[in-house]
Amino acid sequence: MRSQHYKVGFFLFLLFFGPMASLADPAFVGTYGINYGRIADNIPSPDEVVTLLRSAKIRNVRIYDADHSVLTAFSGTGFKLVIGLPNGFLKDMSSNASNAMSWVKDNVQKFMPGICGVAIGNEVLGGSDVELYGALLGAAKNIHSALNQLGLSDAVQVSTAHSQAVFSNSYPPSSCVFAENIAQYMKPLLQFFWEAGSPFCLNAYPFLDYMNDPASIDINYALFQKTKGIFDPKTELHYDNMLDAQIDAAYAALEDAGFDKMEVIVTETGWASKGDGNEAAATPENARTYNFNLRKRLAKKKGTPRRPKNIVKAYIFAIFNENLKPGPTSERNFGLFKPDGSISYDVGYKGLKSSSADSVVMSLKDFPAQGLLRSYQFVWTICTLVLLLLFRQ
């Protein structure tokens, strides 16, 4: 009988502590994530977005700030959320460690678990505000220090996303290096991220490269379609799609800078479904082709020609079209979903539906993702009472 008690006790231990394994998940689960941009006045509420992404089985989500309505909606849902420290905060966070601590307490600690990363700015190096170049490293260090002091640095990764403007000579991929005006800021930043265990985060857009030189680039190469591709004479590697070449260009630059072991993660990539008159490639057909083929490519869980063992991981840009974004029309039309939550084009996802039959129903399988910590006190009480009754017999 005692052995049966032990078996029951062990089962209850697993029931209670099993979900805790999710707290130790890596910062990026699987290979596929999505960017949740919100520069719009017509998109669904954060709660509806949680339902939408759960139905799509997307677990990795990246936002560009730390809006509490979003953080509250995602809290306890099982998603792996990367939040952003906007560029406008960098100078203050770099010069004031106490403000960095307050920011982390208010925007990270309060919403744990679930937040797996903080992106320090976005596309700072290579951007137009040169004054921010020097503040980026200090802000990253102070945020990381605050996380460390609060015991969160093992669970929350600090990073920053770079555009391709940080590179020089990126064709062929093996010739890529960091631009001269960037290298003095990039190398100490890379050293810090290497010591912190963070990847190199790259915003990579074959759409933009193709738009810049449509006469020289085969659009099939940009869209993961059948093509002869390119051959890199230095490495003797063949590339059948542009995204792999962009990633390997980043690896080449990292090697040149002395960081050949650092992983590259694609933090933004996508294709616009609508554009201005000079953006002829921005069509629903091309957007669907790119995003559909990208999903298939990521599902293969394979690396690039230069790094075949480093499985490619990518955050797709973006969930919704954002009608308030400035710039060309294409900037407002990268969404996989329309403002009402229906699909923009079919890449294998279903949009939001009004039918109550399509609402998310909590099941035992979903338990770890539903208010994880909020449920522990109740479960612990039940487990304790059952164990006491069993061992009194």
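Trainee: How many aromatic pairs does the structure hold, and what makes two rings count as a pair?

Mentor: The structure holds 17 aromatic pairs. Rings of Phe, Tyr and Trp (for Trp, its six-membered ring) pair if their centres lie within 6.5 Å, and planes under 30 degrees apart count as stacked, over 60 as edge-to-face and the rest as tilted. This is a predicted model, in which local features need pLDDT of at least 70 and side-chain atom pairs count only at pLDDT 80 or more, while totals for chains, interfaces and linings use all residues. Residues are numbered from 1 along each chain as its sequence is written, and side-chain values use heavy atoms, with hydrogens and water left out.

Trainee: How do you know whether Y36 and F74 are buried or exposed?

Mentor: Buried means under 20% relative accessible area, exposed over 50%, and partly exposed in between, with a 1.4 Å probe and protein chains only. Y36 has a relative accessible area of 1% and F74 one of 5%, so both values fall under the 20% limit and both residues count as buried.

Trainee: What makes the pair of Y205 and F317 edge-to-face?

Mentor: The centres of the rings of Y205 and F317 are 6.5 Å apart and their planes stand at 80°, so the pair is edge-to-face. Y205 lies in the loop between β8 (200–203) and α8 (206–212) and F317 in the loop between β12 (314–316) and α12 (372–392), so this pair ties together parts that are 112 residues apart in sequence. Y205 is buried at 8%, and F317 is buried at 6%. Both rings also belong to a cluster in which ring pairs link Y205, F207, F224, W271, Y290, F317 and F334.

Trainee: How do you know that R307 has its charged end over the ring of Y251, and where does R38 lie relative to Y36?

Mentor: A charge sits over a ring if NZ of Lys or CZ of Arg is within 6 Å of the ring centre and within 35 degrees of the ring normal. The charged end of R307 sits over the ring of Y251 at 5.1 Å from its centre, and R38 lies over the face of Y36 at 5.8 Å from the ring centre; both distances are within the 6 Å limit.

Trainee: How do you know which classes line the second largest cavity?

Mentor: Ala, Val, Leu, Ile, Met, Phe, Trp, Tyr, Cys and Pro count as nonpolar, Asp, Glu, Lys and Arg as charged, and the others, Gly among them, as polar. The residues around the second largest cavity are T160, H162, L189, L190, F193, P199, F200 and M262, which gives 6 nonpolar, 2 polar and no charged residues. Helix α7 supplies the largest share of this lining, 3 residues.

Trainee: What makes the phi of E236 worth noting, and is E236 buried or exposed?

Mentor: Phi of E236 is near 60°, a positive value in a residue other than glycine. E236 lies in the loop between β9 (230–232) and β10 (237–239), and its relative accessibility of 61% is over the 50% limit, so E236 counts as exposed.

Definitions and conventions:
On a 1 Å grid over the protein atoms alone, a cavity is a set of points where a 1.4 Å probe fits but cannot get out, and a pocket is an open set with protein on both sides within 12 Å along at least five of seven lines; lining residues have an atom within 4 Å of a point. Helices (H or I, at least four residues) and strands (E, at least two) are DSSP runs, numbered from the N terminus.
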